[in-house]
Each structure stands twice: as C-alpha cells, then as structure tokens.
Amino acid sequence: MADEIKPANPAPLGLACFGITTVVLSSINAGLLPPEATPAVIPLAFSFGGFAQIIAGVLEYKNGNTFGMVAFTSYGAFWWWYAFLLWTVVRAG
C-alpha cells in the first residue's frame with residue numbers, strides 16, 4: 001500500500017542515549033570532569049540512559065528487531081541499576 005505509514009527507526013534514540021550517558025560518565029572517570037560531577041550522572045542515567053533506551057527497545061520490538069530490543073532494553077536496565085547504585089549505596093556510604 002502506498003498510503004501505509006512506515007514506523008520510525010528507534011535506533012538513533014537508543015544510540016544517542018547510550019552514547020551521551022556513557023560519555024558523561026567516562027569523562028568523570030577519565031578526569032575530564034571533576035568527581036563532584038558524579039551526582040549529575042544519576043538523573044541522566046535514570047532518564048536518558050535508562051528510560052529512553054528502554055522505550056527505544058520496546059519500539060525495536062514493535063518493529064520486529066530482536067537484536068535492537070535486547071541491546072537497548074539491556075543497556076537501559078544497566079543504567080537504571082547504575083543510577084540506583086549511586087543513589088542508594090554510594091550515597092549512603
């Protein structure tokens with residue numbers, strides 16, 4: 001059908017979320033940003049690195065891309081774990 005709407009590609013969203021969150025954390029680990037910037041990673045990891053990547057994974061599933069779904073939902077779950085780690089364990093210590 002010529003009028004059928006083609007679904008958007010969620011991969012750029014997932015890759016951007018992974019890339020930006022990783023670059024910010026890596027900049028702190030490499031000393032390019034001060035260690036005092038670490039609290040800025042928590043909301044970034046929850047929202048951009050976690051939630052938005054999980055959305056991208058769900059959209060990849062809807063598009064029939066199993067690899068994209070597994071990659072983005074796994075990365076999103078990792079970032080949520082990391083944010084919870086910083087927010088609870090590291091913050092308490």
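Start by selecting Gln53, which is buried, with a relative accessible area of 0%. Here "buried" means under 20% relative accessible area, "exposed" means over 50%, and "partly exposed" is anything in between, using a 1.4 Å probe and protein chains only. Before you click on, know that this is a predicted model, in which local features need pLDDT of at least 70, side-chain atom pairs count only at pLDDT 80 or more, and totals for chains, interfaces and linings use all residues. Residues are numbered from 1 along each chain as its sequence is written, and side-chain values use heavy atoms, with hydrogens and water left out.

**Stop 1: around Gln53**

Gln53 sits in helix α2. Helices here are DSSP runs of H or I with at least four residues, strands are runs of E with at least two, and both are numbered from the N terminus. What does the side chain of Gln53 reach at 2.6 Å? Show the backbone oxygen of Gly49, and you have found it. This is a polar contact: a pair of N or O atoms within 3.5 Å, where, within protein, one must be able to donate a hydrogen and the other to accept it, and residues adjacent in sequence count only if both atoms are side-chain atoms.

A contact means heavy atoms within 4.5 Å.

**Stop 2: Ala52**

Step back to Ala52, also found in helix α2. Buried or exposed? Ala52 counts as buried, at 13% relative accessibility. Leaving aside neighbours within four places in sequence, Ala52 is in contact with Leu13, Cys17 and Ser47.

**Stop 3: Tyr75**

Next, pick Tyr75, which lies in helix α3. At 36% relative accessibility, Tyr75 counts as partly exposed. Its contacts, leaving aside neighbours within four places in sequence, are Phe18, Gly49 and Gln53. Tyr75 and Gly49 are 26 residues apart in sequence, and 7.5 Å apart from C-alpha to C-alpha.

**Stop 4: the rings**

Show the aromatic side chains. How many aromatic pairs does the structure hold? There are nine. Rings of Phe, Tyr and Trp (its six-membered ring) pair if their centres lie within 6.5 Å; planes under 30 degrees apart count as stacked, over 60 as edge-to-face, and the rest as tilted.

Zoom in on Trp79 and Tyr82: their ring centres are 5.9 Å apart and their planes are at 85°, so the pair is edge-to-face. Both lie in helix α3 (residues 66–92), three residues apart, or about one turn of the helix. Trp79 and Tyr82 are both buried.

Now move along to Phe84 and Trp87, which form a tilted pair, 6.1 Å centre to centre with 40° between the planes. Phe84 and Trp87 are also three residues apart in helix α3, about one helical turn. Phe84 is partly exposed, with a relative accessible area of 40%, and Trp87 is partly exposed too, at 41%. To finish with rings, select Phe78, Trp79, Trp81 and Tyr82, a cluster linked by ring pairs.

**Stop 5: the nonpolar core**

Select Leu25, Ile28, Val41, Ile42, Ala45, Trp79, Tyr82, Ala83 and Leu86: these nine residues make up the largest nonpolar core. Such a core is a set of buried Ala, Val, Leu, Ile, Met, Phe, Trp, Tyr and Cys residues joined through side-chain atoms within 4.5 Å. Helices α1 (11–29), α2 (41–62) and α3 each supply at least two residues of this core. The largest share, four residues, comes from α3. Click Ala83, which touches Ile42, Ala45 and Phe46, not counting residues up to four places away in sequence.

**Last stop: zoom out**

Switch to a cartoon view of the whole chain. You'll see three helices and zero strands. The radius of gyration of the chain is 16 Å, well over the 12 Å that the globule rule gives for 93 residues, so the chain is more spread out than a compact globule. That radius is taken over C-alpha atoms, and the rule is 2.2 Å times the number of residues to the power 0.38. Along the principal axes, the C-alpha atoms fill a box of roughly 60 × 25 × 20 Å. Colour by burial, and buried residues make up 29% of the 93.
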